[in-house]
Amino acid sequence: MKHEEEAAPEEAEPTGAVGEADASSSLGSRRRILIWVVAGAVALTGAGVVVATTVRSPSQVAADAAPPPASVLADRVERRVLTSSVVVRGTVTAEQTLTVTPGAGTGAAAGAKPVVTRVNKQPGTAVQAGEVLLEVSGRPVFALAGALPVYRDLKPGATGKDVGQLQQGLRALGHPTGADPAGTYGSGTKAAVTAFYTALGYAPRPADPADAENVRAAEDAADTAERQVTTAKNALKKAKEGGGDASEAQLQLTFAQQDLSKATSRLGAARAAAGPMVPADELLFVKGFPARVDAVKASVGEPVPESLLSVSAGAPVIRASLPAHQKDLVKPGMKVQLLSEATGLSATATVESVAADPTSAAAGTAPTGGAGQAAPDTPQNPGGYALTVKPDQALDNQLTGQGVRLTVTAASSGEPVLIVPLSAVSAGADGRTTVTVLGKDPRAQGDRRRVEVRAGMSADGMVQVDPVGGGALADGDRVLVAQARP
């Protein structure tokens, strides 16, 4: 019995293991069921979303098919001065730029090569009227005021505007030209030239090295003619006193008097032609003082180079080039606003000139000759029209040689006017010009009103408008510019 009682627990052990297995199998089944339920719910939800996005009511379909509302572009009416402008690039330069290329001076007359014997001015220095810039073969090169370039030697007896410039320059330095008429190189101008050269420490060059000899020969001829007249008079007197025929003696006196008149005239011409001259290779006419030395290429003791130095003179100007399509828009006297982007400096100016013909080369070249020859100005664009602008006031020196922006006021309304964009103005079949004023809601057709206007000047995409026919248009009104429909 004891043995059977001990064996009973061993038989009960398998029964517990089977129960646990059954419980585990039941839990797994429940989990699988839950998963399928969740998956089904998700599937139903997705199907509902798909159905919701694909199934639409008839009203929704019609709304989706309708065109979007029209897009309205509007702008405001302004009251301001309307100006039409032309914008170009320019360069600030001196009014006149000259290269000094003197001749040989006295060295050439002696058959020697010209040599630079002194340089008085260095780059950046100022030049005043009457100052000697340099020497070539011992002869001076100096500057006087004058707009006409040097193109010939100025000698006694010469006439012209260049002689008048010389006379004005000498008088400005304290050397009067006497009773000589303006533009005539007479005895007074001779005296002034002699005094000027003497003040500089030089002897003036004679107009002709044979001047003294020519004058002496003319004086001798005049003396001879005068003695012949005296002799003829005495012969005529004796003939009359002797009671003979005095016609021959009278004829000889007439001939002698004619010869004396000719000799006297030649003496006057010889004396007028004799005297000091101003050689073209010693004189430089510049437009204003103080002038400025820009560059020096000369060295003392060396042969004269092709270009000794360059000088800038006159008030600064701005040179530019106008394209062909803008040439007729710009006229002399128009106002200009200039701006240097590099320095921020701005100034006002006035159009001085517009070339009548296009140019592909530098403008401003003067006739060749003399110590001063015009150097090329700012190169112009091929086919462009040279434009010169003069500042209303002196420009800052730092602007010289710099590029600037020029805004030329080609036209102006003069006073504030109502303006709208060009595209806001429309012309109807009846010939009336109108603008459409919008209400609070730009898309509301009922809030719009058409105002008849008269168009004026236009510039930069804007046009002047004046209401006519009793229409009302004010600064700040919104006008229809464009309306895009799908």
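**Note on a helix pair and a strand**

1. Gly183 sits in the loop between helix 4 and helix 5. Helices here are DSSP runs of H or I, at least four residues long, and strands are E runs of at least two; both are numbered from the N terminus. The model is predicted: local features need pLDDT of at least 70, side-chain atom pairs count only at pLDDT 80 or more, and totals for chains, interfaces and linings use all residues. Residues are numbered from 1 along each chain as its sequence is written, and side-chain values use heavy atoms, with hydrogens and water left out.

2. Is Gly183 buried or exposed? Gly183 has 8% relative accessibility, so it counts as buried. (Buried means under 20% relative accessible area, exposed over 50%, partly exposed in between, with a 1.4 Å probe and protein chains only.)

3. Look at what surrounds Gly183. Neighbours within four places in sequence aside, Gly183 is in contact with Ala158, Thr159, Gly160, Val163, Gly164 and Gln167. Contact means heavy atoms within 4.5 Å. From C-alpha to C-alpha, Gly183 and Leu166 are 8.5 Å apart in space, and they are 17 residues apart in sequence.

4. Now the two helices. Helix 4 covers residues 161–172 and helix 5 covers residues 187–200; their axes come within 10 Å and cross at roughly 55°. Axes are lines fitted to C-alpha atoms, for helices over the stretch in contact, and angles run from 0 to 180 degrees between N-to-C directions. The two helices are therefore oblique to each other. (Under 35 degrees is roughly parallel, over 145 roughly antiparallel, 65 to 115 roughly perpendicular, and the rest oblique.)

5. Which residues of helix 4 and helix 5 meet? Leu166, Gln167 and Leu170 in helix 4 meet Thr189, Ala192, Val193 and Phe196 in helix 5. By class, this contact has 5 nonpolar, 2 polar and no charged residues. (Ala, Val, Leu, Ile, Met, Phe, Trp, Tyr, Cys and Pro count as nonpolar; Asp, Glu, Lys and Arg as charged; the others, Gly among them, as polar.)

6. Turn to strand 12, residues 309–322. Strand 12 is mostly covered, with 12 of its 14 residues buried. Strand 12 pairs with strand 3 (residues 83–100) in the antiparallel sense, over 10 bridges. Two strands pair if DSSP finds at least two bridges between them. Here Ser310 in strand 12 stands opposite Thr99.

7. Val296 stands opposite Leu309 in strand 12. Strand 16 (residues 385–391) also pairs with strand 12 in the antiparallel sense, over 5 bridges. Leu322 has Tyr385 in strand 16 as its bridge partner.
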